[in-house]
Amino acid sequence: REDEFLRECGAGAGKVIFLARGDVVGLDGPGGSVTARVVYPLPDSVPEPADGEEIDENAASLLLKLDYEGVTALMTADLGFPAEEAVLALAAGTEALRADILKAGHHGSKYSTSDEFLAAVQPRICVVQCGRNTFGHPTRETLEKLHANGIMVQRNDLDGAVMFDIKNGRISGSGTCGKTGWVTRL
């Protein structure tokens, strides 16, 4: 699959890094170092499609746990319920999914961000990355679930680019659409 991906995207082999569960990447930012740990997928864990079917690329999304100065964020990409179930099984009995900030799965689709997943992550803040769309993202069900769990919701379609400033365990944030800033202590 890696060769096929490289052919399709036109990138040279030295320009792309393939990651799988357990890999850790250090990223240097302007204020310090960020660690990105790959939580999912396992190498070769994405099911092969049946003849004539296409690969579910969403099921192959990287689930990354970022850590910056002790504040963690779980970046779910487009994972849906089946992949969330696989992740929950991998992390059973651990705090591996626990994060302060959650990026909602699949733009807040009704097929992601399950109750069980939220219980494992226990986020204080959830960012829903969506813009104008015809899919109804984020769905009312997902937003109600987040609010019922007391999770602060920030949405790109309403708040613009959601930005965080992390200092001494405090997260302050704002959007680019004029929404007032907020601060939370973790």
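Trainee: What share of the residues counts as buried?
Mentor: Of the 186 residues in the protein, 36% are buried. Keep in mind that this is a predicted model.

Trainee: And how much accessible surface is there?
Mentor: The protein has about 10,900 Å² of accessible surface, and carbon and sulfur atoms make up 51% of that.

Trainee: How many helices and strands are there?
Mentor: Five helices and ten strands. As for contacts with a separation of 6 or more, 53% of them join residues 24 or more positions apart.

Trainee: Let's zoom in on α2. Which of its residues are buried?
Mentor: The helix α2 covers residues 81-91, and its buried residues are Ala83, Glu84, Val87 and Ala91. They sit on the same side of α2, because they cover an arc of only 100 degrees around the axis.

Trainee: Why would residues a few places apart line up like that?
Mentor: An α-helix has 3.6 residues a turn, so those three or four places apart point the same way.

Trainee: Which exposed residues are on the face turned away from the buried side?
Mentor: Pro82, Glu85 and Ala89 are the exposed residues on that face of α2.

Trainee: What follows the helix α2?
Mentor: Gly93 follows α2, and its phi is positive, near 80 degrees.

Trainee: Is Cys126 buried or exposed?
Mentor: Cys126 is buried, at 0% relative accessible area. Cys130 also counts as buried, at 9% relative accessibility.

How values were computed:
Residues numbered from 1 in each chain as written. Predicted model: local features only at pLDDT ≥ 70, side-chain atom pairs only at ≥ 80, totals over all residues. Heavy atoms only, no water. Buried < 20%, exposed > 50% of the residue type's maximum accessible area, 1.4 Å probe, protein only. Helix = DSSP H or I, 4+ residues; strand = E, 2+ residues; numbered from the N terminus. Arc of directions from axis to C-beta. Contact = heavy atoms within 4.5 Å. Areas by Shrake-Rupley, 256 points an atom, 1.4 Å probe, with all protein chains shown as cover.
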